[in-house]
Amino acid sequence: MLGVSTELDAVKSHSEIVPDTVIFDDFEKFPPTAATVSSSLLLGICGLPDTKFKALAHVGGDLAKLVPGRVSTEVDARLAYDTHGIVRKGIEASRVLEAEGIQTHLTFVYSFCQAAAAAQAGASVIQIFVGRLRDWSRNHTGDSEIESALRKEDPGLALVTKAYNYIHKYGHKTKLMAAAVRNKQDVFNLLGVDYIITPLKVLQSLKESVTLPDEKYSFTRRLSPQSAAAFNFTQDELQNWDQYSFSSAMGPASVELLTIGMDGYINQAMRVEDLFGKIWPPPNV
């Protein structure tokens with residue numbers, strides 16, 4: 001039918017979609033423009049019945065052949081000494097590596113001070129987990145940044161909005177990636193952000209939903225350089241974030257979620273090492 005497109009087409013006109021999958025064949029249905037390589041991805045691939053040793057050893061290279069854009073690779077989380085330490089060291093490492101021409105991707109960003117410091121350091125990508133902040137807010141209190149956001153909107157969406165506006169209003173080169181997306185409404189509310197890591201069931205629903213030119217619901221880009229220019233920040237938010245400003249600025253949500261995330265990555269890395277220890281070297285090598 002002439003003039004008919006899908007919700008997925010409409011979404012992709014505003015943001016780059018990153019399929020949340022460990023199955024490379026899924027990329028044929030939902031071609032990605034960016035990807036990440038992590039211990040959780042390796043574990044997922046290891047669990048596939050037709051896993052090949054070459055694919056395990058060269059996951060990043062295989063993804064780079066399939067993905068025309070950015071492919072990020074996880075650094076061993078065991079290099080962290082403590083929660084505040086990994087934030088400081090990670091951001092300083094990002095500053096040094098970016099100056100040497102090595103692009104960095106900072107994940108587990110759960111507070112504005114983390115996002116602003118990463119942008120000031122010149123990180124190429126920062127990743128915010130929208131749904132995890134929402135989950136935390138439903139079961140906890142006592143975080144002033146979360147409680148301030150809840151007066152107006154979802155805390156995860158609020159952080160993405162503030163981080164995006166900060167990056168674009170003040171001319172930072174950083175790209176913003178939204179993760180832990182739970183449903184289509186999350187995707188619609190994130191339109192305009194650089195990357196959205198999207199579960200396959202949400203992608204399939206978007207692909208199967210037809211949108212007509214004259215329908216009442218319009219896909220409005222919520223985040224844009226124009227909206228960023230009109231966003232107001234406090235003087236405290238505009239400070240130069242350094243290693244001494246994090247202790248008071250990171251609230252209980254960012255501290256707890258960062259710790260949980262790091263512990264999870266460490267556990268996954270140990271499981272990957274254990275698995276490789278059992279299957280490597282392969283027979284006849």
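This is a predicted model: local features need pLDDT of at least 70, side-chain atom pairs count only at pLDDT 80 or more; totals for chains, interfaces and linings use all residues.
Residues are numbered from 1 along each chain as its sequence is written, and side-chain values use heavy atoms, without hydrogens and water.

Phe108 sits in strand β5, residues 105-109. Strands here are DSSP runs of E, at least two residues, and helices are runs of H or I, at least four, numbered from the N terminus. The phi of Phe108 is near 55°, positive in a residue other than glycine.

I then checked Ala180. Its phi is also positive, about 55°, and Ala180 is not a glycine. Ala180 lies in the loop between β7 (175-179) and α11 (184-189). Ala180 is buried, at 16% relative accessible area.

Next I took the helices. How do α7 and α10 pack? Helix α7 (residues 112-121) and helix α10 (residues 155-169) pack at about 25°, axes 10 Å apart. Axes are lines fitted to C-alpha atoms over the stretch in contact, and angles run from 0 to 180 degrees between N-to-C directions. That makes α7 roughly parallel to α10 (angles under 35 degrees).

I listed the contacts, meaning heavy atoms within 4.5 Å. From α7, Phe112, Ala115, Ala116, Ala119 and Gln120 meet Leu159, Lys162, Ala163, Tyr166 and Ile167 of α10. By class I noted eight nonpolar, one polar and one charged residues.

Notes: Angles under 35 degrees count as roughly parallel, over 145 as roughly antiparallel, 65 to 115 as roughly perpendicular and the rest as oblique. Ala, Val, Leu, Ile, Met, Phe, Trp, Tyr, Cys and Pro count as nonpolar, Asp, Glu, Lys and Arg as charged, and the others, Gly among them, as polar. Buried means under 20% relative accessible area, exposed over 50%, partly exposed in between (1.4 Å probe, protein chains only).
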